[in-house]
Amino acid sequence: MTTKKLPVWAIVRDTYRSVREHADALGALSRGTATAATIALVLSFAAVQLILSDERRGAAFLELPAGERVAAYTSLAMLMVFIGLFVIIVRWHRMIVRDLAPRATRAGATRAALLYFARSLLLGSLGVSIGVVCALLPVTLTRGLPLSEDVRWWITVAFVIGGIVAALVTVGRLSLILPAGAVGDYHVTMGRAWHMSRGNAWRILAGSVLASGPVFFANVVFNGFIEAMPSMSGNVASLLAMLTLSLLLFVLTAVVQASFLSYAYRFLSKANDGG
């Protein structure tokens, strides 16, 4: 049986097109989460003001580093965004895979989001386990060998890189269970996802990097830039604004990756069904 190859460039192109064309829909899907996060932010702000109203506790709060003060304002709101993001992504998968209107993706979204969270946690744990095992192997294998420190270091680096790549390839192939679960295709287990993605491991990894990599990298660079600017990283107002932008980039990264997985799942499920 000939394995159909994932058309990486075409799917990456469709991924960006879907995000651009469904920008308004993303706003509709995010409305509930944005409302909950705003309420949480208002409550946190009120709690901080209550603390500041007490002279002793207020003085102690103002002596905290800027990052900790920002956390007091934003932690609850970020938790709301984190929880709501899974619902948003589930509904986004349904919209892309099933060609549904945003309103039609609502039914059972919370229950599906819980499954999505559990499966994401499982995949993340598996990836970390593969990476950790591969990183520990060189320490064990080279412990009794008469090797120089330079050689031992390069072997360790090679194992670490190999472990990271192995983890990404494995998780990439198994990640088809995420859009499948979001749209109610519970026949796609981890074993089925592995079978569906055979011969496409590197294509899935490359497509993920090309799709969500630029936004993820931009977010990393942005946060690194803020850390390197003492005048901004030490100012609460600046940190709040930058944290908001960083959070939006994080959500966009998740949405872009969800789009790519949606198209990859749709193509590979049809390919394995003989479509």
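Asp-99 lies in the loop between H4 and H5, two of the helices defined here as DSSP runs of H or I with at least four residues, numbered from the N terminus, strands being E runs of at least two. The model is predicted, so local features need pLDDT of at least 70 and side-chain atom pairs count only at pLDDT 80 or more, while totals for chains, interfaces and linings use all residues. Residues are numbered from 1 along each chain as its sequence is written, and side-chain values use heavy atoms, with hydrogens and water left out.

Asp-99 follows H4 and has a positive phi, near 55°. With a relative accessibility of 62%, Asp-99 counts as exposed; the term exposed applies over 50% relative accessible area, buried applies under 20%, and partly exposed covers what is in between, with a 1.4 Å probe and protein chains only. Leaving aside residues up to four places away in sequence, Asp-99 touches Arg-94 and Arg-266, where contact means heavy atoms within 4.5 Å. Leu-29 is 70 residues from Asp-99 along the chain, and their C-alpha atoms are separated by 15 Å.

The chain as a whole has 11 helices and 0 strands. Its C-alpha atoms fill a box of roughly 75 × 65 × 30 Å along the principal axes. Of the 275 residues, 39% are buried. Among contacts with a separation of 6 or more, 76% join residues 24 or more positions apart.

H2 has 31 residues and reaches 42 Å from its first C-alpha to its last, close to the 45 Å expected at 1.5 Å a residue; the expected span is 1.5 Å times one less than the number of residues. A kink of about 50° in H2 is centred on Ser-30, the bend at a residue being the angle between axes fitted to the seven residues ending there and the seven starting there. The 32 residues of H4 should span 46 Å at 1.5 Å a residue, and the end C-alpha atoms of H4 are 43 Å apart, which agrees. H4 bends by about 50° at Thr-74.

The buried residues of H2 include Ala-37, Ala-40, Ser-44 and Val-48.

Rings of Phe, Tyr and Trp (its six-membered ring) pair if their centres lie within 6.5 Å; planes under 30 degrees apart count as stacked, over 60 as edge-to-face and the rest as tilted. The rings of Phe-82 and Phe-86 have centres 5.3 Å apart and planes at 85°, so this pair is edge-to-face. The two residues are 4 residues apart in helix H4 and therefore separated by about one helical turn. Phe-82 is partly exposed at 41% relative accessibility, whereas Phe-86 is buried at 16%. Phe-82, Phe-86, Tyr-116 and Phe-117 form one aromatic cluster.

Elsewhere, the charged end of Arg-173 sits over the ring of Trp-194, 3.7 Å from its centre; this requires NZ of Lys or CZ of Arg within 6 Å of the ring centre and within 35 degrees of the ring normal.
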